[in-house]
Amino acid sequence: MPTPSLNALPIRRLTLRDLSACADLSEDRGWPREEHKWGLLLTAGRGYGIDDPDGGLLCACVVTEYGPTDRPDLGAIGMVLVAERHARQGVGRRLMRHIVGELGMTPLTLHATPYGRPLYEELGFKVTGRAEMVLGNFVPAEREPTVTTRPATAEDMITILRLDEDVFGTDRTHVITRLPAFADQLRVAEENGRIIGYAAAWPNMNTHVVGPLIARDTETAKALITSLAAHTDRPLRTDIDVRHEELLEWVKQRGLASVAFNAVMTHGTPELPGDWTRRFAPLTVAAG
């Protein structure tokens, strides 16, 4: 039988049943399998993909929406992948056009690699910021940060959700409430009994990814990173908004090295909502 045209293959919703196929697609493009992260994204967000007639997925991506379910404030697009054997044939463009069309008037954001940025610019996305990925074994400072930190408890969740919405600019309850099960650590920073920041460290292959990282100021962010690092023997990885120059300099002094830069892009909005001065790192660049 003749092979169907790539343009004729239907785009469908992905579910947790597609987890292994998504991980296979990541591996096909030289990425880690990241099954733990795929599991979160496919349950908290909406996956889209095209089945390969020869088996597996031809392409995939995930959209995580925030705010009211009937009229989301923001949609974060991530994990946009096309199988190597079908690369440069317009498949990724077709999938992205479908998503942008389906989401209609919802403002969108994504983190773009230099390779993917031209496609997103063609679709109307604008660069509104940059994030720097850093990775390495954290070396504690001789003088520890003075901000108090502790493990988060179930009683803290309502306060964490309120703080997160204030800083992120829209409601992320369906994602943040998954952190206790998804992350190996969830810690809060306090001052006079009031929570002034929180951060998680979640497992991704042989590293712990620090994110989200929400903090009142840089000293609070340092204290949260230090406390997370003290409870793991894995290398740390995180993606820090480049406007947080002091924190980036500090983590590099503590043993983390620059790995890559991604452009933060938006569509349908001139900038991301919320308060960037207290938003230091995302949960993952795939979910904003």
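Reader: Where does Asn204 lie, in which strand?

Author: Asn204 lies in strand β9, residues 194-204. Helices (H or I, at least four residues) and strands (E, at least two) are DSSP runs, numbered from the N terminus. The model is predicted: local features need pLDDT of at least 70, side-chain atom pairs count only at pLDDT 80 or more, and totals for chains, interfaces and linings use all residues. Residues are numbered from 1 along each chain as its sequence is written, and side-chain values use heavy atoms, leaving out hydrogens and water.

Reader: Is Asn204 buried or exposed?

Author: Buried means under 20% relative accessible area, exposed over 50%, and partly exposed in between (1.4 Å probe, protein chains only). With a relative accessible area of 3%, Asn204 is buried.

Reader: Which residues does Asn204 touch?

Author: Contact means heavy atoms within 4.5 Å. Not counting residues up to four places away in sequence, Asn204 touches Glu34, Val209, Arg234 and Arg237. With Glu34 there is also a polar contact, side chain to side chain, at 2.9 Å. A polar contact is a pair of N or O atoms within 3.5 Å; within protein, one must be able to donate a hydrogen and the other to accept it, and residues adjacent in sequence count only if both atoms are side-chain atoms.

Reader: Where is Glu34, and what is its phi?

Author: Glu34 sits in the loop between α1 (19-28) and α2 (35-44). Its phi is positive, about 50 degrees, although Glu34 is not a glycine. Glu34 counts as buried, at 5% relative accessibility. Now look at Asn192, in the loop between β8 (185-191) and β9. Asn192 is not a glycine either, and has a positive phi of about 55 degrees. However, Asn192 is exposed, with a relative accessible area of 80%.

Reader: Which peptide bond is cis?

Author: The one from Gly211 to Pro212, with omega near 0 degrees. You will find Pro212 in strand β10, residues 207-215. Pro212 is also one of the residues that Ile176 touches, along with Met157, Ile160, Leu161, Asp164 and Tyr198, when residues up to four places away in sequence are not counted.

Reader: How many residues does the largest nonpolar core have?

Author: A nonpolar core is a set of buried Ala, Val, Leu, Ile, Met, Phe, Trp, Tyr and Cys residues joined through side-chain atoms within 4.5 Å. The largest has 39 residues, and those with the most contacts inside it are Trp38, Tyr66, Ile176, Leu179, Leu186, Tyr198 and Leu283. Helix α5 (residues 157-168) gives the most to this core, six residues. Another core, of 26 residues, lies apart from it, with Leu9, Cys61, Val100 and Leu119 among its members.

Reader: How much space lies in the largest pocket, and which residues lie nearest its centre?

Author: Rolling a probe the size of a water molecule over the atoms shows where empty space is left. On a 1 Å grid over the protein atoms alone, a cavity is a set of points where a 1.4 Å probe fits but cannot get out, while a pocket is an open set with protein on both sides within 12 Å along at least five of seven lines; lining residues have an atom within 4 Å of a point. Grid points are joined across faces, edges and corners, and a volume is the space filled by probe spheres set on the points. Here the largest pocket holds about 1,000 Å³. Its lining has 37 residues, with Trp31, Val80, Thr113, Tyr115 and Tyr120 nearest the centre. Strand β4 gives the largest share of that lining, six residues.

Reader: How much space lies in the second largest pocket, and which element gives the largest share of its lining?

Author: The second largest pocket has about 390 Å³ of space. Of its 23 lining residues, Asp241, Arg243, Val264, Leu272 and Arg279 lie nearest the centre. The largest share, four residues, comes from β6.

Reader: Where does Arg117 lie, and what does it touch?

Author: Arg117 lies in helix α4, and is partly exposed, with a relative accessible area of 34%. Arg117 touches Ala112, Val127, Ala263 and Met265, not counting residues up to four places away in sequence. From Arg117 to Ala260 there are 143 residues in sequence and 14 Å in space, C-alpha to C-alpha.
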